[in-house]
Amino acid sequence: YAPGLDKTDIGTVYARYNNTDLGLDITAGHFYEQFGSGLTLRSWEDRQLGINNALFGGRVKYDTGMGINATVLGGKQRIGMGFDLADSFISGADLQISISEITKMETTDLNIGASYVSRYENLQDLYPELDKNTNMYSFRADMTQGNFYIGAEYVYKTDDALVEGQGVVQSILEDKQYNGNALLVNLGYS
C-alpha cells in the first residue's frame, strides 16, 4: 500500500445539500470535479493507480433548468493516496450553456462552455521570482448531429515555473517560467 496510508485517518468526509427544485447543489468537505474535458481541472480517484486528488473545501453548483449550469469551487488538493493536503489553494468557476436546450433544437445537440481555474501557492520565501498565482482559462464547444460528433476545447495557462525531477527529488527552476496553451479536438461517428 502507499506509504501515505501508514497512519489511520478519515479518508473522506463531506456534507451535501441538494435541492433539485431550486437547481442547487452545495458540498462542503471532500469532492471530485471536472471542468470540460479536464484540461483545466480534473479531480478523481483511481486506487489501482494510487491517485486520489480530491479537493477539500467547498463547491456550489447551480442549474437554471433552462440550459445553463454554473459551478464555483475552492479548496486544497489531496496529495497522492495519503491523507495530506497540498499547501496550494485551488479556486475555479465553470459555465456550461446548452444552445440546443435554449433554442429548442431537436436534431442537433450544441453546447458551449468556459472555465477559469486559479492555483495560489506562496513559495516567495524559497523562490522570490515566482508569482503566487497561476491561472488557466478554457473555452469549449461540442456538437452532435445525427451520428457525427465534434468537440473542441482551447486552454491558456499563465506563467508557471518549470519543475524538474519526479517524486521527492524535485527542483523548481524559478528563472524558467512559461505560459502555455492547449487545443483538444475530438471527432467521432457512431
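Helices (H or I, at least four residues) and strands (E, at least two) are DSSP runs, numbered from the N terminus. Keep that in mind, and we can walk through the protein chain. What you're looking at is a predicted model, where local features need pLDDT of at least 70 and side-chain atom pairs count only at pLDDT 80 or more, while totals for chains, interfaces and linings use all residues. Residues are numbered from 1 along each chain as its sequence is written, and side-chain values use heavy atoms, with hydrogens and water left out.

Let's start with the whole chain. Its secondary structure comes to one helix and 13 strands, and from the N terminus on the order is β-β-β-β-β-β-β-β-β-α-β-β-β-β. The C-alpha trace spans about 55 × 40 × 30 Å along its principal axes. Take contact to mean heavy atoms within 4.5 Å. Among contacts between residues at least 6 apart in sequence, 50% join residues at least 24 apart.

Now for how the strands sit side by side. Two strands pair if DSSP finds at least two bridges between them. Strand S2 (residues 24–31) runs antiparallel to strand S7 (residues 55–63), with eight bridges joining them; alanine 28, for example, has glycine 58 in S7 as its bridge partner. S7 also pairs with strand S8 (residues 68–77), again in the antiparallel sense, over nine bridges. Here tyrosine 62 finds its bridge partner in alanine 70 of S8. Four residues lie between the strands of the S7 and S8 hairpin, where glycine 65 takes a positive phi near 80°.

What about the inside? Buried means under 20% relative accessible area, exposed over 50%, and partly exposed in between (1.4 Å probe, protein chains only). By that rule, 29% of the 190 residues count as buried. In soluble globular proteins, nonpolar side chains tend to be buried together. A nonpolar core is a set of buried Ala, Val, Leu, Ile, Met, Phe, Trp, Tyr and Cys residues joined through side-chain atoms within 4.5 Å. The largest one here has seven residues in all: Phe31, Phe35, Leu41, Leu55, Leu73, Ile90 and Val117. Pick out isoleucine 90 and, leaving aside residues up to four places away in sequence, you'll find that it touches Leu41, Leu55, Leu73, Gly74, Gly75, Val117, Ser118 and Arg119.

Patches are made of residues with over 30% relative accessible area and no salt bridge, where like charges are joined within 9 Å and nonpolar side chains (Val, Leu, Ile, Met, Phe, Trp, Tyr) within 5 Å. Tyr116, Tyr137, Phe139, Met143, Ile150, Tyr154, Leu183, Val185 and Leu187 make a nonpolar patch of about 860 Å². Strands S11 (133–145), S12 (148–166) and S13 (169–189) each supply at least two of its residues. Leucine 187 lies in strand S13 and counts as exposed because its relative accessible area is 67%. Leucine 49 is exposed too, at 59% relative accessibility, and is found in the loop between strand S5 (45–46) and strand S6 (51–52).

Finally, the charges. Side chains of opposite charge can pair when their charged atoms come close. A salt bridge is a side-chain nitrogen of Lys or Arg within 4 Å of a carboxyl oxygen of Asp or Glu, and six are counted by this rule. One of them joins arginine 140 to aspartate 94, with the closest N and O atoms 2.7 Å apart. This pair links distant parts of the chain, since arginine 140 is in strand S11 and aspartate 94 is in strand S9 (residues 89–98), 46 residues apart. Both arginine 140 and aspartate 94 are buried.

Arginine 119 meets glutamate 121 in a salt bridge (3.4 Å, N to O) and aspartate 160 in another (3.0 Å, N to O). Arginine 119 lies in strand S10 and aspartate 160 in strand S12, so this second pair ties together parts that are 41 residues apart in sequence. Elsewhere, salt bridges that share partners join Glu33, Arg59 and Lys61 into one network.

Definitions and conventions. Areas by Shrake-Rupley, 256 points an atom, 1.4 Å probe, with all protein chains shown as cover.
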